[in-house]
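This briefing is for a reader who is meeting this structure for the first time.

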Amino acid sequence: MKNDRYYRYLNLIAERVTALQSDGYMIRVRSVNRVAFFYNLVHHRNGNRINLSGSFINGTMTQSRNGKKVYDGEII
């Protein structure tokens, strides 16, 4: 995989996580390596849980809230 694509995807994920943190979510679990990523976040007031996971190789991600899939597709 080319480095430029990896860093572009990494930046998109970082922007998404930062936006969620601005909305009141706290990171509980973070795992990022050269091929995949996983985040588990919980809202500090209402207890909602968000999972973000995906593949840098395929350029795909899945986001779920409280166990229900809300996005499955390209890393955006």
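In this predicted model, Phe 37 and Phe 56 are both buried. Their ring centres lie 5.2 Å apart with the planes at 40°, so the pair counts as tilted. Phe 37 belongs to strand β2 (residues 36-43) and Phe 56 to the loop between β3 and β4, so the pair ties together parts that are 19 residues apart in sequence.

**Aromatic pairs**

- The structure holds three aromatic pairs.
- One of them joins Tyr 6 and Phe 56 edge-to-face, at 5.0 Å centre to centre and with 75° between the planes.
- This pair links distant parts of the chain, 50 residues apart: Tyr 6 is in helix α1 (residues 3-22), and Phe 56 is in the loop between β3 (49-55) and β4 (60-65).
- Tyr 6 and Phe 56 are both buried.
- Through ring pairs, Tyr 6, Tyr 7, Phe 37 and Phe 56 are linked into a cluster.

**Arginines over rings**

- Arg 34 lies over the face of Tyr 6, at 4.0 Å from the ring centre.
- Arg 16 lies over the face of another tyrosine, Tyr 71, at 5.8 Å from the ring centre.

**Nonpolar core**

- In soluble globular proteins, nonpolar side chains tend to be buried together.
- The largest nonpolar core of this structure has 14 residues.
- Those with the most contacts inside this core are Ile 13, Phe 37, Tyr 39, Leu 41, Leu 52, Phe 56 and Ile 75.
- The elements α1, β2 and β3 each give two or more residues to the core.
- Helix α1 gives the most, with five residues.
- Apart from neighbours within four places in sequence, Tyr 39 is in contact with Ile 13, Val 17, Ile 27, Val 29, Arg 30, Val 32, Ile 50, Asn 51 and Leu 52.
- Six of the eight residues of β2 are buried, so this strand is largely enclosed by the rest of the structure.

**Sheet**

- Five strands form an open sheet in the order β1-β2-β3-β4-β5, with antiparallel pairing.
- The edges are held by β1 and β5 (68-74), each with a single partner strand, so one side of each is left without a neighbour in the sheet.
- On average, neighbouring strands of this sheet are turned by 10° against each other, direction ignored.
- Strands of a sheet pair through backbone hydrogen bonds, either parallel or antiparallel.
- Strand β1 (residues 25-32) pairs with β2 in the antiparallel sense over seven bridges.
- These two strands, β1 and β2, form a hairpin with three residues between them.
- The pairing of β2 with β3 is antiparallel and covers seven bridges.
- Phe 38 has Ser 53 in β3 as its bridge partner.
- A hairpin is also formed by β2 and β3, with five residues between them.

**Leu 20**

- Leu 20 has its place in helix α1.
- Its relative accessible area is 11%, and Leu 20 is therefore buried.
- Leaving out neighbours within four places in sequence, Leu 20 is in contact with Tyr 25, Leu 41, Ile 50 and Leu 52.
- The C-alpha atoms of Leu 20 and Thr 60 are separated by 19 Å, and the two residues are 40 residues apart along the chain.

**Gly 47**

- Gly 47 is found in the loop between β2 and β3.
- In this turn, Gly 47 has a positive phi of about 80°.
- Is Gly 47 buried, partly exposed or exposed? With 36% relative accessibility, Gly 47 counts as partly exposed.
- Not counting residues up to four places away in sequence, Gly 47 touches Val 42 and Asn 66.
- Between Gly 47 and Leu 20 there are 13 Å from C-alpha to C-alpha, and the two are 27 residues apart in sequence.

Conventions:
Residues are numbered from 1 along each chain as its sequence is written. This is a predicted model: local features need pLDDT of at least 70, side-chain atom pairs count only at pLDDT 80 or more; totals for chains, interfaces and linings use all residues. Side-chain values use heavy atoms; hydrogens and water are left out. Rings of Phe, Tyr and Trp (its six-membered ring) pair if their centres lie within 6.5 Å; planes under 30 degrees apart count as stacked, over 60 as edge-to-face and the rest as tilted. Helices (H or I, at least four residues) and strands (E, at least two) are DSSP runs, numbered from the N terminus. Buried means under 20% relative accessible area, exposed over 50%, partly exposed in between (1.4 Å probe, protein chains only). A charge sits over a ring if NZ of Lys or CZ of Arg is within 6 Å of the ring centre and within 35 degrees of the ring normal. A nonpolar core is a set of buried Ala, Val, Leu, Ile, Met, Phe, Trp, Tyr and Cys residues joined through side-chain atoms within 4.5 Å. Contact means heavy atoms within 4.5 Å. Two strands pair if DSSP finds at least two bridges between them. Axes are lines fitted to C-alpha atoms, for helices over the stretch in contact, and angles run from 0 to 180 degrees between N-to-C directions.
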